Amino acid sequence: MKWTSDQRDAIEIREKNMLVSAAAGSGKTALLIERIIRIILEEKVGVDELLILTFTRGAAGEMKNRLSQALAKALEDPQNDRSFLLRQMNILGGAAISTLHSFCLWVLRQYFQKGDIDPGFMVGNETEIALMLKETLEELFEEEYQQADNNPDAPFIKLVEKYSGNRNDQGLKDTVESFYRFLVTQPDPEGWCQKSLALFDCDTDSFWTSVWGESLKAVLTAKLIGAWNYAKKAAAASDVPGFEKTHEQMKEELFFIEDLQTQLSNDFSKGLASLESLTYPNYKGSSKVDKALSDTINKEYRTKSKAIIMELQENFLSHLDERIRELNCLKDTMSDLVELTQKFWAAFRAKKAKKNLLDFNDLEQFTLKILRDPVIAKEIQAKYRHVFLDEYQDTNEMQETILQCIVRDNNYFMVGDVKQSIYRFRLADPTIFIKKYESFGQEESVDALVTLSKNFRSAQGVIDGVNAIFKKIMSLNLGEIDYDHRAMLNKGLLAAGPYEKTEIHLLDAQNQAPDYTDAEGEGTEDLTEVEMEARFVAHKIQALVGTPFFDTRQNKERMITYRDFGILMRSAAGRGDVYLKVFSELGIPTYFDGGSNYYESLEINMILNLLNLMDNQHQDMPLLSVMTSPIGGFSTDECTGLRINQPTGFYYEAVEAYRDQENDPLAQKLRVFYDRLDNWRNESKLMPIEDFLWKIYLDSGYYAFVGALPGGEQRQSNLKILLKRAADYKKSTLRGLYQFIRFIENMKKHKQDISPPGILSNADAVVRIMTVHKSKGLEFPIVFLTGTGKRFNKQGNSNQILFHKDLGICPDYVNLEKRFKRSSLAKEVCKAQSNMEMLSEEMRLLYVAMTRAEEKLFIVGTVKKMENEISKWLEEPDDYGLLKASGLLEWVMLGVIGGKGLTDLPPILDLDHFTVYRHDNSPDESDQPPEKTDQEETPRSEPVVTEQPLDPELKAGIFRRLNYVYPEKPGNALPSKMSVTEIKKLRSETLESNRDVQLKKLPQRSEKPKFLEQVSEDFTPSQRGSALHLVMESVNFAPIQKQLKTHGSQAFEAFLNGFFIKEVERLIQTDFLPETLARSLDLSRLVAFYSSPLGIRLLSAPKIKREIPFNYCYQPGKVKAEWADITAKIMVQGIIDCAFIEDGKWVLIDYKTDYFKDTGQRAALINGYEIQVSIYAEALETLTHIPVKEKIIAFITMKENVSI
């Protein structure tokens, strides 16, 4: 093989530590094998003197296999020492080529006495360890509750009150578990905790020199750049005739920000004071000259720049002294959390020790403890002359510390690519690689850096597309590495076919619902969007299959087949199964790596139900499931008859009663069924679970049965995997059928091993669907990167307490006395830092996805509000804009068309390295299944059915039965539940109306109001009113009340105006309100309400309640006179907008956003709403036992409050 000069350096340089930064497709594995072989041959180093560590066991096995092949090839050369090579091949099987955990295991076996470990220890099964962890948490909390003895001042009780949910203490349990999992990856957890707790001992001066302060300075700098960019655009846009006053104001505001940046660089304290005191005057627009341009300058540029400054002031600088005092108060609480977590760690370790078990974290912890003995460390250093580590970008600090104990000064060889570091969620730390990347390679240094940029995987079109995008979007700030000449890809393949540009397909979602994030943090989206995208990709594949393309690796033209395609997606949740379904419908052979939950498959469910029934036969659902299955053989009619025979009680009681009391064929069949269950139950006590399961498969015939079903091979493979789980269980310390069922249930609960087993080989002609994470290390001739329009999932920062390796413990501040909580200053800093790290990982994930393609890359994304998105894509990308991007597609498009001077995106845009297509989602011919070929069977025509005349008497009988009306009973017309609005409607009807009113069922409260699904920018007054209501519902009163209390009504309106601008920006950023709708709101109405006498009363109240839901029993006679004699009550359901306590009584406010033109309309509205508000008052008084002193209708849009 011909090596490049860089590859030769990586292979041949000796007596140095070496970091090889190997770009995607650069042949790092082949290079690693070549270096090892040359060391063996040239230096006569035995394979037992090499330590080669890989990321997975599969990679270690492949490494051994390739080394074996290389040694066998070396044997063919007569110049090589044959006896030496034969010896190396003989000992290769026992060589130290393994994962890091396997190496740790070897260290513990060799030096167990130094780690105070029982030499007979076992590595526990992950599921068994997870069960023990949960048990330990429960036991620890129970013990802490007993010790606290209801003392409200006990530290544990305060932790529970502060960091648990309203219903139980699961929140604190999750925090302790999360903290433990973080600590076990730290090489010095005790030192880390002490260092983190010391951070809380800060004052205003020392804060800025701490890691929190330094990180906050970086946040300030980055956000000020964003504010400056918007201010600069505002100044440029206003530099037109007629906008002189506006332009002067925009230039002045731009100067303010530039001056701020200069001050913060030269005199940080002075700059900080200037930033904190910065205020914005009213906008001097030029609407009379050009209203559209004036609004654009204000809303698109100036308001966004202003919002960034106000966000910095509010989140980080507002009342800084008070925020730092809050940090001081948090130290004791966090010390209690540290102590509680350490207690858990000790208890968990003791529980594992009782069973002589270690988990993977223990392997690392104990190994590091042993290797800190310098004698042992030197012994291992002497044993291994060379140490190799593959996938170095995915190590963490604990693993790096272990390796530093065993490497010499010049024998550490590391290979990886930080641009492919995508496992931070597993606590991998790419900064370890980055620090070496920046420091290695200095002249006369023992630390060498080799960069491999030649890509031997992809054609020129793919490489150019990757480079064009990432040189514009990847940087030290976002991606954590500059995409410079060292990082860029260069084509390594010599052959060249026709130039294939990267295709980007933008599908217009039109009126699709916005995506949201589910409770587990995984993003989901409207399925019709996914189906539309899947169908588009499917038709593209169908059009390509059978067409010729040039295979660069083989240097020849060939036909495209299904196995050439890889469909990649960021997350498979809610997408992968839809793609699989659509592809199957269109006849495309497909394999989805990560489909439906393995444990939810029919055959696994059935076997688990059978095991549950054997363990406890008094369970209705497992019993019915097994009885109606091929194992039981009971028909639906037979099972129904058993229930009819005994309609009350549990179903199993009815079955057992029939079995014991009757003597017909069905009873005999039941006795045989139960005898079989008893026999199996007895055998389960005598046989290993693995053998017992296999016996059940054969005795019941179920294994053969599922093999005959569609997908039988996969179903039988599923059952075999359950046998493997049983074998894993046998290796654990658990015993018995009950414990096995619990073992499996825990695997289901914690989503361990939930994907169906693969039955695929590389030769299978199928399209492969997988996540980007699973595609790492793979390659496909043609790649479709799909779902790029999906929003980033930013739920990772929602935990009450965050843990960061550099920033320490970053909690919410909770004040039990005042009953409020907010993010501490430390947490705000940590959230900003974690967000940067999360986005950097997403960018590297995009790089991994794009570099999987060999010949052709398609990027597909579904876009909501296409025109709005295009306007963002056309701007020159900068760090702040990239940080604010909503998803992968925005990055891609900023890299492709950003800053190119385009004013719009045409339906087809042809560029040097890309072709961009805009599509609508109207149906076309391609949505139909492909036509059948002549070779396919023609469907048989359906038999003709002729209508037969129906007998008149039979017809009359049918209609008599269908039209039968049951006699009305008293109260039948009475609805069981009504909303307050429905009651208002009924009571408002005229007395002359005698028609029956059909009451709608009370609709369930939507996840989001209808206006949130609006796509058009033409919002109705009703939608704007609902949005105003939503703002009032979510607004945080604390800052307003503090301003009112501190400064009174002086400049209160100006404060409110600025406050609501920031509040609306927050709601936009959190996707609580659509941006277009939010920008259309008239915030002066909210300012008028909260600065009115009623608003001042509300804000001054000692107790305020908003959005008060209630269910209240109401007399039917109060709704309709004809219901007066009905004794049953109506359940009235409603939500009270707002109520506050004044002089010990309630003041009730109902917000309305109606318009009225004259006093007549006003009076009609008040009369109509009086019924509704009176019901609210009656319910509030009855349910709280506090009288209502005043009822007020607040007409927000009309800026009037009416007391009724």
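View 1. Ala22 is buried, at a relative accessible area of 2%, where buried stands for under 20% relative accessible area, exposed for over 50% and partly exposed for what lies in between, computed with a 1.4 Å probe on protein chains only. This is a predicted model, in which local features need pLDDT of at least 70 and side-chain atom pairs count only at pLDDT 80 or more, whereas totals for chains, interfaces and linings use all residues. Residues are numbered from 1 along each chain as its sequence is written, and side-chain values rest on heavy atoms, with hydrogens and water left out. Ala22 belongs to strand E1 (residues 17-22); strands (E, at least two residues) and helices (H or I, at least four) are DSSP runs numbered from the N terminus. Apart from neighbours within four places in sequence, Ala22 is in contact with Lys28, Val415, Gly416, Asp417, Gln420 and Leu452, a contact being heavy atoms within 4.5 Å. An unreviewed UniProt entry carries the annotation "binding site" for Ala22, Ala23, Ala24, Gly25, Ser26, Gly27, Lys28 and Thr29; its positions are given in the numbering used here, feature names are shortened, and annotations may be inferred rather than shown by experiment. Gly27, one of the annotated residues, sits in the loop between E1 and helix H2 (28-43) and is partly exposed, at 31% relative accessibility.

**View 2. Helix H7 and what covers its buried residues.** In helix H7 (residues 155-163), the buried residues are Phe156, Ile157, Leu159, Val160, Lys162 and Tyr163.

**View 3. The crossing of helices H11 and H13.** Helix H11 (residues 211-237) and helix H13 (residues 268-277) have axes that come within 13 Å and cross at roughly 55 degrees, the axes being lines fitted to C-alpha atoms over the stretch in contact, with angles from 0 to 180 degrees between N-to-C directions. H11 is therefore oblique to H13, since angles under 35 degrees count as roughly parallel, over 145 as roughly antiparallel, 65 to 115 as roughly perpendicular and the rest as oblique. On the H11 side Lys217, Leu220 and Leu224 take part, and they meet Phe268, Leu272 and Leu275 of H13. The residues of this contact divide into five nonpolar, no polar and one charged.

**View 4. Two residues with positive phi.** Most residues other than glycine have a negative phi. Asp116, in the loop between helix H5 (100-110) and strand E4 (122-123), has a positive phi near 55 degrees, and at 67% relative accessibility Asp116 is exposed. Glu391 also has a positive phi, near 50 degrees, and lies in the loop between strand E6 (386-389) and helix H18 (397-406), but Glu391 is buried, at 17% relative accessibility.

**View 5. Gly1117 in the loop between strands E27 and E28.** Not counting residues up to four places away in sequence, Gly1117 touches Trp1123 and Ala1124. A separation of 9.4 Å lies between the C-alpha atoms of Gly1117 and Lys1129, which are twelve residues apart along the chain.

Note on methods:
Ala, Val, Leu, Ile, Met, Phe, Trp, Tyr, Cys and Pro count as nonpolar, Asp, Glu, Lys and Arg as charged, and the others, Gly among them, as polar.
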